[in-house]
Amino acid sequence: NIGKMIAALEEVGLRDDTIIIVWGDHGWHLGEMGIWGKATNYEIATRVPLLLSVPGMETAGKSTDALVELVDIYPTLCELAGLSRPSHLEGRSLVPVLENPNVQWHRPAISRYRNGDTLRTKSHRFTLYSQPNGKPIARMLYDHRDDPQENRNLVKEVGHQALARELERALRQGMGKSNP
């Protein structure tokens, strides 16, 4: 269907003036971790496909390993369209990533499901589960370099507590704040 849409845009002469963004629903557990469903804070359930096609972009067809969030779409569209960005927006324009898919993009991605907030860096995923009053219930820390399936929670293991505290601070600072 994407091909049909592009063909229709070309047919009416609008393809060179149209930014196309395709994103999808988040992942689904098919028995991993004993879960049959999609609503968790694990990596498998929080990743989404995101495709952008921008007329005239020299890096068309390239992929990136940059961690981005769906809240980045609106600021990206504002910049690409030459519109001023509303002050209430969260997220960050992805134009630097579109222009150079290998750009150093050190911003973590934050996600939330129910009482769990997650911070994903290039190498780690930290999740903090809290009661409605904010009191922590549980913490999870996974090193994706050694454990991409998130089978071993490192949060209480010797040598990982400092990183867990650092990622928890970063998560708390990032939740609900705008990222210019």
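In which helix does M5 lie? The structure is a predicted model, in which local features need pLDDT of at least 70, side-chain atom pairs count only at pLDDT 80 or more, and totals for chains, interfaces and linings use all residues. Residues are numbered from 1 along each chain as its sequence is written, and side-chain values use heavy atoms, with hydrogens and water left out.

M5 lies in helix α1 (residues 2-11); helices are DSSP runs of H or I with at least four residues, strands are runs of E with at least two, and both are numbered from the N terminus. M5 counts as partly exposed because its relative accessibility is 37%, where buried means under 20% relative accessible area, exposed over 50%, and partly exposed in between (1.4 Å probe, protein chains only).

The largest nonpolar core has nine residues: L119, F126, L128, L141, L154, V155, A164, L167 and L171. Such a core is a set of buried Ala, Val, Leu, Ile, Met, Phe, Trp, Tyr and Cys residues joined through side-chain atoms within 4.5 Å. At least two residues of this core come from each of β7 (124-130) and α5 (161-174), and α5 gives the most, with three. With neighbours within four places in sequence set aside, L154 is in contact (heavy atoms within 4.5 Å) with L141, D143 and H160.

In helix α3 (residues 73-81), the buried residues are I73, P75, T76 and C78. These buried residues of α3 pack against β1 (20-23), β4 (50-53) and α4 (95-99). Just after α3, G82 takes a positive phi of about 75°.
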